[in-house]
Amino acid sequence: MTNLIEARELRQYFPVGGFLSKKKVKAVDGVSLTIAPGETFGLVGESGCGKTTLGRTILRLYEPTSGSITYNGSDITKAPMLPYRRKMQIVFQDPYASLDPRMTVGEIVGEAIDIHKLASGKKDRADRIISILDKVGLNSEHANRYPHEFSGGQRQRIGIARALAVDPEFIVCDEPVSALDVSIQAQVVNMFERLQEENGLTYLFISHDLSIVKHISNRIGVMYLGKLVETGESGEITLRGVHPYTRSLISAIPIADPNKARKRERIILEGDVPSPLNPPSGCRFHPRCPYAAARCSEEEPALDETEKGHFVACHFPGRG
Ligand code: SF4
């Protein structure tokens, strides 16, 4: 089966310090990943690790510095994007900031339909808007209201409706529940799952929270400072993740059983994520890694397959 998305050695460097400066923020630095049709690939890591930039680069909202992107077998790295814009959508973290406050919900959804000329007439357009609102748990009365009249969870539903309006195949879900109350998060995640089933969607689901990514993803990629450090099946990563960074994320997943929670050791990492302007030598995680040895600061570990479908970038995977 052809992968829907293939990114190869993708790099996204942003120049900083003015036109003549050679300094670059290496936000994404040589990431390769594939996403099969109908799959959810979860991308997890701390804020500033390059997840959002990677998602936007795959959509060509940023032009990649190097590397390639293939969509359904076609190389789109430099191709005109108009034919792909409808198929590849994004749902943003902050639904309020991404919705025009002067437009009604009907206008927001209708605009997406108009841009891609998807309606055959006024009635078809109106029917489509109502049908899309219905899919995300809103109704025809909501079409005449403005974004500020809705709760955070409902606003995110509007953002999802806008993405769905053009009948996409692939959606980058960029921290879509992070801004929502915990009580609403599960509802919205469940809705993403239902919409995927109903519409045959493929997701790149980005979150800093492994417990959310674990729930929705078929496979997971753990990102640290512009690089993937571990990828594999969701259960494999969350139960048998071997990269020390992955293990620290696993140790932060809440456990419902208080007895088990008491016995578990929480791995707290020292310090913050270093600057991608000047990443550490060798393994980028070495200044924060409890198992770092001399080799770690000298030699960059490759992302090697340690078990079938399980890839890890660490000289000493599974230590500790
Ligand atoms: Fe830690 Fe070394 Fe593995 Fe990097 S390569 S994660 S520093 S043990």
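Predicted model: local features only at pLDDT ≥ 70, side-chain atom pairs only at ≥ 80, totals over all residues.

Colleague: Is H1 mostly covered or mostly exposed?

Modeller: Mostly covered, as six of its eight residues are buried. Buried means under 20% relative accessible area, exposed means over 50%, and partly exposed is in between, for a 1.4 Å probe and protein chains only. The buried residues are Lys51, Thr53, Leu54, Gly55, Thr57 and Ile58.

Colleague: What does the side chain of Thr57 reach?

Modeller: Thr57 lies in H1, which spans residues 51-58. Its side chain reaches the backbone oxygen of Thr53 at 2.6 Å. This is a polar contact: a pair of N or O atoms within 3.5 Å where, within protein, one must be able to donate a hydrogen and the other to accept it, and residues adjacent in sequence count only if both atoms are side-chain atoms.

Colleague: Why does Thr57 count as buried, then?

Modeller: Because its relative accessible area is 1%. Not counting residues up to four places away in sequence, Thr57 touches Leu10, Gln12, Tyr62, Pro64 and Ile69. Contact means heavy atoms within 4.5 Å.

Colleague: Now the sheet. In what order do its eight strands run?

Modeller: The order is E6-E7-E8-E3-E9-E10-E12-E11, in an open sheet with mixed pairing. Two strands pair if DSSP finds at least two bridges between them. The edge strands are E6 (88-91) and E11 (304-307), each of which pairs on one side only. From one strand to the next, the twist averages 25 degrees.

Colleague: Do E6 and E7 run parallel or antiparallel?

Modeller: Parallel, with four bridges joining E6 to E7 (residues 170-174). Met88 has Phe170 in E7 as its bridge partner.

Colleague: Which strands does H1 touch as it packs on the sheet?

Modeller: H1 touches E3 (40-44), E6, E7, E8 (202-207) and E9 (219-224), and its direction makes about 155 degrees with that of E8. H7 (residues 182-199) also packs on the sheet, touching E3, E6, E7 and E8, at about 165 degrees to E8. Axes are lines fitted to C-alpha atoms, for helices over the stretch in contact, and angles run from 0 to 180 degrees between N-to-C directions.

Colleague: And which strand does E1 pair with over nine bridges?

Modeller: E1 (residues 5-15) pairs with E2 (residues 24-35) in the antiparallel sense. Within that pairing, Pro15 has Lys24 in E2 as its bridge partner. E1 is also joined to E4 (residues 66-71) by five bridges, again antiparallel. There, Ala7 is bridged to Ile69.

Colleague: What about the largest nonpolar core: how many residues does it have?

Modeller: It has 54 residues, and those with the most contacts inside it are Ile160 and Phe192. Such a core is a set of buried Ala, Val, Leu, Ile, Met, Phe, Trp, Tyr and Cys residues joined through side-chain atoms within 4.5 Å. A second, separate core of 28 residues includes Leu4, Val31, Ile58 and Leu204.

Colleague: Finally, where does Lys87 lie?

Modeller: Lys87 is in the loop between H2 (82-85) and E6. It counts as partly exposed because its relative accessibility is 25%. Leaving aside neighbours within four places in sequence, Lys87 is in contact with Tyr71, Pro168, Glu169 and Phe170.

Colleague: Is Glu265 buried or exposed?

Modeller: Exposed, at 65% relative accessibility. Glu265 is found in the loop between H11 (258-263) and H12 (294-298).

How values were computed:
Residues numbered from 1 in each chain as written. Heavy atoms only, no water. Helix = DSSP H or I, 4+ residues; strand = E, 2+ residues; numbered from the N terminus.
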